[in-house]
Each structure stands twice: as structure tokens, then as C-alpha cells.
Amino acid sequence: MVSNLASKAEKHMVWNIRYLHMLVARCITKKLTVISKHYTLRKIKASVYQYFLFLFTVFFVCFVIVGCNVKANIQTITDIQPTVLLISFDGFRWDYLTKADIPNLDNLIADGVKAKSLIPVFPSKTFPNHYTIVTGLYTDNHGIIANTMYDPEFDATFTLQDRKAVEDGRWWGGEPLWVTAEKQGQITASMFWPGSEAEIKGIRPTYWKRFDRNFSYDQRVDQVLSWFSLKVENRPTFITLYFEGTDTQGHINGPESPQVKAAIREVDNALGILLNGLKQRGIYENVNIIIVSDHGMTSINPKKTIFIDDYVDLSDVEIIDWSPVTGLRPSQSNNEKVYNSLVNAHPNLTIYRKKEIPEHFHYRNHRRIAPIIAVADEGWSISSHSWLTGGKAFLKGTHGYDYRLPSMHGIFIASGPDFKQGLVIESFQNIHIYNLIAHILGLKPAPNDGDFNLIQSTLNSEQSE
Ligand SMILES: [Zn+2]
């Protein structure tokens, strides 16, 4: 609808400009004839100046008219329901907020609530954490225990590149917010989010998109704004929006690189376009906007590599996910042999039998967690000689480490009618966001690991559950 209105305005603009061109051309021809007959050179100069001034004025007026037309065609929304727009800046480390000029994020923070940082769940990887944010569940309880995983019951492997697996609901446990909302009669939309492409409990968001990196930031923002412009009976009350640039540049160039700074400015700019669109529709102050990131980022280099094949015969184990958390699946008879070879092998590598993984990791019950887990210290990578000599490029940044490391922490910023203004809160874990959003939307939350009491202080007048 918005694009229809915009294209009408553009047609209007084209006709306005054509008409003015014609008018100006006629005036110039007529006047030049008069000039050649009666005017001196000095007068001609003065006339030329006057005509440039005239042209400038005409075009200025023209652009003001066109600008007003475009704005006038965006309808003000007066019937907005309680709504949450959940935005993720992938891999946006908590201190990126001080690394670049981010006027739009700064405005949102001044208008709302900011946490010192958002603590991820273990492992601090993209899919596990995005799915925790929308389910309120630890990885152990929702089953997305890594970006790459093996399920012994399905005898199948899940990877981010495998569209069939990503869109297969059997991998996704728990109940994401869009399912909770749709079950309770609300409309939801996803402009990308891990899990939103799968039918979970038989339900997908009413509107959803298959992930496509080539879908530009502008197109994503435009899509979200067009959902807002739908009639109230079709308009979603819960919308997700995702930007990956900060993560991509953090991996390729490292978290301290100028490319990451540029990526920070780029997401801030996209946010600015979005906020402006909400203001044009008169709903900036009516929409609850929550900005999160799934994890942080830390620098890595090839000198800090732990070669698993220095200690273990790779033919004795199956390794599905490599670094910085490695899941090793030895054959039953090799279990203790592999464990003993690794347990004190390297000073920067911690080895756990599955049942001995510390409880606070909430990472030891799910069948997809491998029998032996290796966790690298911050900045260290786990690899094999054959992999590194295979010509693969070594990245300059990564994440996935112990969730307690500050470098693994992300951001939480929230602003809107339900949030307090100018509040900074302590760091908290992302399992609590599900309950917060369910509360704002008036939904009965599904069972989850979060605690609404720990986060309700962010809300106006500390609304009770
Ligand atoms: Zn990520």
C-alpha cells in the first residue's frame, strides 16, 4: 500500500517537473527574443542572473510540493494496538555503542531503557541465542544447542546452510513468541529471525520471509513499515527485524576494525530510516521497540589455535561443530580414551564429559549435546591440521565462548509507551525477554526459564503480571 502511494507521488512529481520544464523553456525562448532586440550586454547579464534565480526558485518550490505530496500520502495510523517491534543487530557487542557515531540509537536510549549489557546463553552463538530470546528457554530446553548440530534420534545434521533443516519444525523446541501470539489471536510478522521460517507447533508467523542476505536494509525497513500501514485487522502486533552486518564484519575483520565501525553506522542509519517512517505514520510514540543482539565478538588469530588432532585420532571421533565449543562423538568404546587424551592436553582448553558440564551452563541434558565437550579460552580457536592446511581463510573475530565473558555480551535497548525513560539497568540474561514481550502484548506466556520479576522494573509504573 505504501509503495502504491509512493509510486503515485512519484508519478505526480514526474508530471510536475515535465510541466515546469515546458513552462521555463517557453519563457526563456520568448524573453531571449526580446533581449536580442532591445537590451544592452549589461542588461543581458542581469537578465541571465534573474532567470537562474527564477529557475532555482521554481525547482525549490517544486521539490517542496513533491515532498509534501509524498508525506501527505503516508497515512497517519490512529488505531494501533499494543505492539512490539523486536530488532536484532547480530554480533553487536555491548561496547559498540561507544565505538561510532550512532545518533539514532542514542535518541532511542535517551527515550527509553538500556541495559549495561545483554548476557547470552551458552554457547554464545547466533541461532541458540536468537531462539532463546524469542522462547525464554535455555539451549538445553529449546534444542538449538549450536549453529551446527547432530540429532541421534533423527540421525540428521542441522546446518545454517541447509534450508530443509532450517525450515523443519522438528528441530525447534519450545514456543517462540510468534506462536504464543498467533495461538492467542494476534497477528505476527518476521522480517527474518532464526526459527521464523519453520512451522513450529504447526504455526508460522502470518507474514514471514525466507532469509536472504541480498535483501537490503532499506528493503527490510520498507517491508516492516508496510506491515504497519496495513489495516488494523491485518496489522501485526509482534514484528521481528534482523540485521547481520556487525556480525559479518566482526568475523571477517575483527571487532576493532574500521569495517565494524562502518557496519555500526550502517545499522544505525537503517534504524533512523525506520524511526522516521514510524514518525511519519504518527506511531513512533505508540510502538514498543526492543533492540537486542545475540552475542558479542572477540579477536582471534591463527597463533592461538588448539589442534585437536595433536591429541586425538580423528578417526576415533565424529566432530560436528568445531570452534570455540567442540562437540566430540567418539564411538562408545572410545569414549574414555578420547576423554583421557584431551582432559589435560592444552592449558587453554577445558574438557567436560556431558554429565559434568557445570550446571550454570544449562547445557547437559539435551540429546543433541555431544558426549564430550571441549571449550576454548577466550581468543583461542579449536581446529585440526588438515582443516587449516585446506586453504580456508582464518577469521579475525569470533564468539561462542563462555557466556560470562564481557566480550560475549550484547545489547538491550527498549523504548516505547510501556517503557520508562532514561533508565539504565544492570546486565541481565536474555532468557527474560520472552516474558517481557508477552506481558506487553497481553499474552499468557508458555512455560519458560525467564523471570518476569527480574525485568518488570523497566516498565512504566512497574506493571505487575
Ligand atoms: Zn550472531
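Reply: This is a predicted model. In it, helix α8 and helix α10 make a right-handed crossing.

Me: Which residues of α8 and α10 make the contact?

Reply: On the α8 side they are Tyr217, Asp218, Val221, Val224 and Leu225. α10 contributes Glu266, Ala270, Ile273, Leu274 and Gly277.

Me: And by class, what is in the contact of α8 with α10?

Reply: Seven nonpolar residues, one polar and two charged.

Me: At what angle do α8 and α10 pack?

Reply: About 25 degrees, and the axes are 10 Å apart. α8 covers residues 217-228 and α10 covers residues 258-280. Angles under 35 degrees count as roughly parallel, so α8 and α10 are roughly parallel to each other.

Me: How do α3 and α10 lie, then?

Reply: α3 and α10 are oblique to each other. Their axes cross at roughly 60 degrees and come within 7 Å. Helix α3 is residues 103-111.

Me: Which residues in α3 and α10 meet?

Reply: From α3, Pro103, Asn104 and Leu105. They meet Asp268, Leu271, Gly272 and Leu275 in α10. By class, the contact of α3 with α10 has four nonpolar residues, two polar and one charged.

Me: Changing topic. Where is leucine 328?

Reply: In strand β13, which spans residues 325-330.

Me: Is leucine 328 buried or exposed, and why?

Reply: Buried, because 24 other C-beta atoms lie within 10 Å, and the cut-off for buried is 20 or more.

Me: What does leucine 328 touch?

Reply: Leaving out residues up to four places away in sequence, leucine 328 touches Val317, Ile319, Val338, Ala370, Ile372 and Ala374.

Me: How far apart are leucine 328 and arginine 353?

Reply: In sequence, 25 residues; in space, 9.9 Å from C-alpha to C-alpha.

Me: Last topic, confidence. What pLDDT does the chain average?

Reply: The average is 89, and 83% of the residues score at least 70. Over residues 1-17, though, the pLDDT is below 50. That stretch has 21 contacts in the model beyond near neighbours in sequence.

Me: What about residues 31-40?

Reply: The pLDDT stays under 50 there too, and the model has five contacts for residues 31-40 beyond four places in sequence.

Notes
Residues numbered from 1 in each chain as written. Predicted model: local features only at pLDDT ≥ 70, side-chain atom pairs only at ≥ 80, totals over all residues. pLDDT = per-residue confidence, 0-100. Contact = placed C-beta atoms within 7 Å. Axes fitted to C-alpha atoms, helices over the stretch in contact; angles between N-to-C directions. Helix = DSSP H or I, 4+ residues; strand = E, 2+ residues; numbered from the N terminus. Parallel < 35°, antiparallel > 145°, perpendicular 65-115°, else oblique. Left-handed = near helix turned anticlockwise from the far one by under 90°. Nonpolar A, V, L, I, M, F, W, Y, C, P; charged D, E, K, R; others polar. Buried ≥ 20, exposed ≤ 12 C-beta atoms within 10 Å, placed from the backbone.
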